[in-house]
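Biologist: I have a model open on my screen and would like to learn how to read it. Could you walk me through some features, one at a time?

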Amino acid sequence: MRRWILPACAALLALTLGAGAYFTGQAQVPDNIIRAGIVKVSAEPTAALSVDGLAPGTTAVRPLHVANDGDLPVNVVVTLAKKAGITEFFNALTCRVTEGDAVLYDGPLSTLRTAPVALQPGRRAEMRFALGLPAEAGNSLAGDYCKVTVYVDAEQSR
């Protein structure tokens, strides 16, 4: 009798589960591509801070156009490093960086690090660099020079 009850229970269970069938359907959305964004910036002119004949007590203003050429919003920071020249002269230089009415940096050129500028994809910012030599700069700096590299760093906005 046990042999007969076990198969009967299995058959009853199969009928109960199979009795509730539903119709189904499916739609396809083919050829989906997921791609990571790009952070890319450019700067013009390429020799943005070049100045000849800077005299004590004067300032030379130079523009730097920075563009977000990527497809993600970014925060841009400008720094620089001395590559050659007279350290005493480099340390004497001052710099004030503005973008519109906002002051991004005001201090020694040797410690330049601007406040971040937010740029959406396809947008540009015009930064203005006012490079100065203090009026108290002495004759010892006459004819001196420094060569710097400007770094425009962009980081994806969060």
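Biologist: Which residues does Phe 129 touch, not counting residues up to four places away in sequence?

Modeller: A contact means heavy atoms within 4.5 Å. By that rule, Phe 129 touches Leu 49, Ala 60, Val 61, Arg 62, Leu 64, Val 78, Cys 95, Arg 96, Val 97 and Leu 112. Keep in mind that this is a predicted model, where local features need pLDDT of at least 70 and side-chain atom pairs count only at pLDDT 80 or more, while totals for chains, interfaces and linings use all residues. Residues are numbered from 1 along each chain as its sequence is written, and side-chain values use heavy atoms, with hydrogens and water left out.

Biologist: And which residues have the most contacts inside the largest nonpolar core?

Modeller: A nonpolar core is a set of buried Ala, Val, Leu, Ile, Met, Phe, Trp, Tyr and Cys residues joined through side-chain atoms within 4.5 Å. Buried means under 20% relative accessible area, exposed over 50%, and partly exposed in between, using a 1.4 Å probe and protein chains only. Here the largest core has 26 residues, and Phe 129 is listed with Cys 95, Val 97, Leu 109, Leu 112, Leu 119 and Met 127 as having the most contacts inside it. Strand S7 gives the largest share of this core, five residues.

Biologist: How many helices and strands are there in the chain?

Modeller: Helices (H or I, at least four residues) and strands (E, at least two) are DSSP runs, numbered from the N terminus. The chain has two helices and eight strands, in the order α-β-β-β-α-β-β-β-β-β. Of its 158 residues, 23% count as buried. Among contacts between residues at least 6 apart in sequence, 77% join residues at least 24 apart.

Biologist: What about Asp 31: buried or exposed?

Modeller: Asp 31 is exposed, at 73% relative accessible area. This residue is in the loop between helix H1 (2-18) and S1, and has a positive phi of about 60 degrees although not a glycine. Ala 36 is found in that loop between H1 and S1 too, and counts as exposed at 63%. From Ala 36 to Asp 71 is 35 residues in sequence, yet 9.6 Å in space, C-alpha to C-alpha.

Biologist: Which residues does a cis peptide bond join?

Modeller: Glu 44 and Pro 45, with omega about -5 degrees. Pro 45 belongs to the loop between strand S1 (41-44) and S2.

Biologist: Last one: which residues lie nearest the centre of the largest pocket?

Modeller: Rolling a probe the size of a water molecule over the atoms shows where empty space is left. On a 1 Å grid over the protein atoms alone, using a 1.4 Å probe, a pocket is an open set of points with protein on both sides within 12 Å along at least five of seven lines, and lining residues have an atom within 4 Å of a point. Leu 49, Ser 50, Val 51, Cys 146 and Val 148 lie nearest the centre, among 33 lining residues. Strand S8 gives the most to the lining, with six residues.
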